[in-house]
Amino acid sequence: MKPWFKRSLFGFAGAALLAGSLAGCSSYRHGWGGGSEQDRAEFRARMVERVGNKLELDATQKQKLNVLAEKIQAQRQALRGGGDPRAEFRALFAGAKLDQERARKLVEDKTATIQSGSPEVIAAAADFFDNLNPAQQQKVREFMDRGRRWHRHG
């Protein structure tokens with residue numbers, strides 16, 4: 001293969017990967033990111049109740065799970081930003097060429113957001129998990145091994 005063709009192919013594959021990743025992350029979803037603040041709060045409450053029932057959590061453990069859910073939701077909102085993520089992404093492809101500088105800035109901004117919010121999410125996750133009894137921790141591990149949602153089985 002000619003070097004220019006190989007570079008073009010890899011460049012296109014990289015752009016397609018970036019496009020797919022950003023489009024997937026920015027799509028509108030009900031639950032964590034979609035709807036009003038009240039909708040998100042109701043979704044969070046349902047999720048906490050569902051997981052709490054599956055794990056047989058006590059009130060303190062449910063509160064810690066709720067804190068974790070709030071931190072995750074806040075981190076997700078921070079990643080989405082205040083504007084329209086799809087419009088921001090489409091703007092990268094608006095010209096004759098991909099706006100590489102703007103794409104780099106977008107990735108850097110999202111990375112900085114993740115880095116700044118992650119310590120709170122990690123601390124909340126640790127606080128929740130560390131306060132589960134061994135049987136509950138095992139249920140969490142099994143859930144993660146299955147890779148499914150809590151409500152699809154059992």
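1. In this predicted model, buried residues account for 26% of the 154 residues in the protein chain. The accessible surface of the chain is about 10400 Å², and carbon and sulfur atoms contribute 57% of that area.

2. The protein chain contains 6 helices and 0 strands, so that its elements, read from the N terminus, follow the order α-α-α-α-α-α. Among contacts with a separation of 6 or more, 65% are made by residues 24 or more positions apart.

3. Helix H3 (residues 59-80) packs against H5 at an angle of about 175°, and the two axes lie 9 Å apart. Because angles over 145 degrees count as roughly antiparallel, H3 is described as roughly antiparallel to H5.

4. Residues of H3 that take part in this contact include Leu65, Leu68, Ile72 and Leu79, and those of H5 include Ile114, Val121, Ala124 and Phe128. Charged residues are also present, among them Lys64 and Lys71 in H3 and Glu120 and Asp127 in H5. The residues of the contact divide into 11 nonpolar, 5 polar and 6 charged.

5. Ala112 lies in helix H5 (residues 100-130). Ala112 and Leu79 are separated by 33 residues in sequence and by 9.5 Å in space, C-alpha to C-alpha.

6. In helix H4 (residues 85-92), the residues Pro85, Phe89 and Leu92 are buried. These three are on the same side of H4, because they cover an arc of only 45° around the axis. An α-helix has 3.6 residues a turn, so residues three or four places apart point the same way.

Technical notes:
Residues numbered from 1 in each chain as written. Predicted model: local features only at pLDDT ≥ 70, side-chain atom pairs only at ≥ 80, totals over all residues. Heavy atoms only, no water. Helix = DSSP H or I, 4+ residues; strand = E, 2+ residues; numbered from the N terminus. Buried < 20%, exposed > 50% of the residue type's maximum accessible area, 1.4 Å probe, protein only. Arc of directions from axis to C-beta. Axes fitted to C-alpha atoms, helices over the stretch in contact; angles between N-to-C directions. Parallel < 35°, antiparallel > 145°, perpendicular 65-115°, else oblique. Contact = heavy atoms within 4.5 Å. Areas by Shrake-Rupley, 256 points an atom, 1.4 Å probe, with all protein chains shown as cover.
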